[in-house]
Amino acid sequence: MKNIDLTLHVWRQENPKDTGRFDQIEAKGISTHASFLEMLDVVNDRLLAQGKRPIAFDHDCREGICGSCGVMINGEAHGPVRGTTACQLHMREFDTRGIKELWIEPWRAKAFPVIQDLVVDRSAFDRIIQAGGYISVKTGQAPDANAVPVRKDDADQAFQAATCIGCGACVASCPNGSAALFVGAKITHLGLLPQGQTERASRVLNMVTKMDDESFGACTSHGECEATCPKGIKLDVIARMNGDYRRSVAAGG
Amino acid sequence: MTSQTSPLLNAKIPEGDIRQKWDNHRFQMKLVNPANKRKYRIIVVGSGLAGSAAAASLGELGYDVDCFCFQDSPRRAHSIAAQGGINAAKNYANDGDSVWRLFYDTVKGGDYRAREANVYRLAQVSLNIIDQAVAQGVPFAREYSGYVDNRSFGGTQVSRTFYAAGQTGQQLLLGAYQALAKNIHSGKVKMYPRTEMLDLVVVDGQARGIVTRDLTTGAISSHAADAVCLATGGYGNVFFLSTNAKGCNVTATWRAHKRGALFANPCYTQIHPTCIPVSGDYQSKLTLMSESLRNDGRIWVPTQKGDPRAATQIPEGERDYYLERRYPAFGNLVPRDIASRAAKERCDEGFGVGPGGLGVYLDFADSIKRLGESAIKERYGNLFEMYERITGENPYQTPMRIYPAVHYTMGGLWVDYNLMSNLEGLHVLGEANFSDHGANRLGASALMQGLADGYFIIPYTIGQYLAGTKLKPVATDHAAFKDAEREVKARMNRLVEVKGNTSPDVFHRELGKLIWDHCGMARNKAGLAEALEKIPKLRERFWREVFVPQSGDVLNQTLEKAGRVADFLEFGELMCRDAWTRDESCGGHFREEYQDDEGETKRNDDEFEHVAAWEFKGVNETPVLHKEPLTYEYVKKAVRSYK
């Protein structure tokens, strides 16, 4: 274990209306075993001891599954390590890469307005799911779990798509601020399962329409989303969404 | 203290044979006419498995539901982090499982400190949960045949655990979240994310609403309803370091407790045996490695104290597979409390590995040899990756180092068979109630209980409450709401006005260490007495020295934390008092004075076969103990043995 010194440039913004600015903060003596968020904890405790307002950031589970955390670190969503959320990113990764200066910013997207510092409003994601990201089955209506077999391939692929944690890294790293990977993942998860077929056509129409209403940009296949997704969701979920969408429109919605 | 039922504690267990209790009860319940349901408003606090399932199911029935969570989205509740699986007595493995066996295993696993009737019902409805989840599109692991796969878990000898890789909680929560989303869309549920409950409002002895703070704007508001459901999770973060998410807190249940709800068995906490060891004082949380790993991993320590060699260099003959040695029948799959204590025992004796000697090996070499690396990767790939990300070590090549960590709390607000607390109208679901796990919860049973409460129990029992209760019209202009709002604001102002120089986290760490040292994996009377003396002093210091910048009318994460730490500082004392009072060992509550020659728990059924439910009498006042005696008509009690 060793300790490293870093220079941070952290985005500070008091409220949604504030223009915001970068603050330079020296983070000295940080353990390489600490996670990126634990580094922020240490910095925040020092700020508090100086009577200053700590850096606001969203976080909760700190094991890469809740999707709360997420910031741009030197221009990359969740930082330099593939397949890793900011909470699971450890400081040794900066040390081995020889990085001593970090520019830390919130997600930047029209659909994700900044609330304070690194905290953004991602409720647009919830509204897209509300528009149709589900299978309508009331409590109590279900048949026996083994009544309908599901091909293992389909189940595995559906699971892969369903591992999306809704963190918003895909939107933040897309030059257009598109939510296509997020929406495609849900379309793929539910569309691959026999249980999801009844609402398949209406689901894609409703979710895509809502996505457009929420001021997300269009997908132009840059692939930045796939490269940055901490859960390894693949671009083909977008192809699947587009295919379902075309079929649904052609069938008259 | 004598074991007599307190008048406050009527468990309302239905008459009749245990197999028919729930069916008979549902038939005898008063019902709310479908057209009348929309006239009732129900508040659900929390959006994890229990909260989301309840809000969605109640919305579908036609009730008006207000649902609250402190996270930015209901999908982020901490149920999402559950890894290993969910139990159900489907007997798909044809290996002798049944509702009766799941019931029996759960009561035994809980060391005979759970209510029989509740546990039986839980085992019954476990079947429906799996059906519901599959219909929602939860992608459980499947066999090549297309049918759902099962695996085994600790404390049982059948394969009844349904799973989705190491992300079962995530998939089940997304199922419940999507059902909730549908009801939000249809307008039956109104969702309040980034909103924290800060008080319960009681009018004429009935829970009639809550006071909340909008975490973005700081606005304090009142919400009135006909019934309130708390599904706000456990209190594991009283230890500061735990596997819980950082936001998990005791505030909602503690404030309800201060309004009159009894808190039951707070000393029952679960220490999970397989977590990544602590690495430094900056550490903010502990990370669990799923219990399912114990299916294929073997736990051992060197036979030589302080052996300096790397794990792979230690020959077979110089390894002590202590679980297999002590518990040949269950081996590495003994229940969690037993596995945790066994690890502590080896480390205390000086056989531990890694920094500070606080670790044991979890070794996959044999399984990789037997099944191949790819089979192990398919089963546990995401867990192995997570381990490597955190520790920088590759567990395919060298054994994992693990140590027990606080994971789950079996205690919680006292509820009757209908999940209603002693406060009329206040219902408590999931980990927040004291419920079904007794003194120790079996693996893969938390998801089962949360969803059972939310999907299949509360929709019935709350209807009975509403249909059978006279409820006067109450709105938020009622004096009780105004008083509660005033108290909430005064408390917040007090926190801001201390203007000390210490972060709330510093006090939280200190409290956590006190609790871990004196009320953790092993407890004794003297240590608990010491904690009971130190906690009030720490609390006093907190209120003198804490620093909260800014005010309450903006997004203020330090203020949120300070409020929660203040509640933990009160709650921690109750937890230690409960442990101090319970002069026996049972399940996760291990009192060093009460153990047999082999270091196993020694219960005292004559004096402690009861639920200990505490009544709040004021901060710095001694709480009053109420007892609900437990009776075992169907399960034959024994010394719990896994040998």
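The structure is a predicted model, in which local features need pLDDT of at least 70 and side-chain atom pairs count only at pLDDT 80 or more, while totals for chains, interfaces and linings use all residues. Residues are numbered from 1 along each chain as its sequence is written, chains are lettered from A in the order in which they are written, and side-chain values use heavy atoms, without hydrogens and water.

**Chain B with chain A**

- Chain B brings 76 residues to the contact and chain A brings 74 residues, where contact means heavy atoms within 4.5 Å.
- About 6200 Å² is buried between the two chains, with 53% of that area from carbon and sulfur atoms; buried area is the accessible area (1.4 Å probe) that two parts lose on being put together, summed over both.
- On the chain B side, Arg76(B), Tyr282(B) and Arg389(B) lose the most area to chain A, together 12% of what that side buries.
- Five salt bridges are counted between chain B and chain A, a salt bridge being a side-chain nitrogen of Lys or Arg within 4 Å of a carboxyl oxygen of Asp or Glu.
- Asp72(B) and Arg122(A) form a salt bridge through their side chains, at 3.1 Å from N to O.
- Helix α5(B) supplies the largest share of the side of chain B that touches chain A, with nine residues; helices here are DSSP runs (H or I, at least four residues), numbered from the N terminus.

**The two domains of chain B**

- Chain B is assigned domain 1 (274-406) and domain 2 (479-609), with bounds from an automatic or database domain assignment.
- The centres of these domains, taken over C-alpha atoms, are 31 Å apart.
- Twelve residues of domain 1 of chain B and ten residues of domain 2 of chain B take part in the contact.
- The area buried between them is about 850 Å², and carbon and sulfur atoms give 54% of it.
- One salt bridge is counted between the two domains; Arg326(B) and Glu600(B) meet in a salt bridge at 3.4 Å, N to O.

**Helix α7 of chain A**

- The 14 residues of α7(A) (residues 200-213) should span 20 Å at 1.5 Å a residue, and the end C-alpha atoms are 20 Å apart, which agrees; the expected span is 1.5 Å times one less than the number of residues.
- Its buried residues (under 20% relative accessible area, 1.4 Å probe, protein chains only) are Arg203(A), Val204(A), Leu205(A), Met207(A), Val208(A) and Met211(A).
- Among the elements covering these buried residues are α3 (123-130), α6 (180-191) and α9 (236-250) of chain A.

Terms used
Helix = DSSP H or I, 4+ residues; strand = E, 2+ residues; numbered from the N terminus. Buried < 20%, exposed > 50% of the residue type's maximum accessible area, 1.4 Å probe, protein only.
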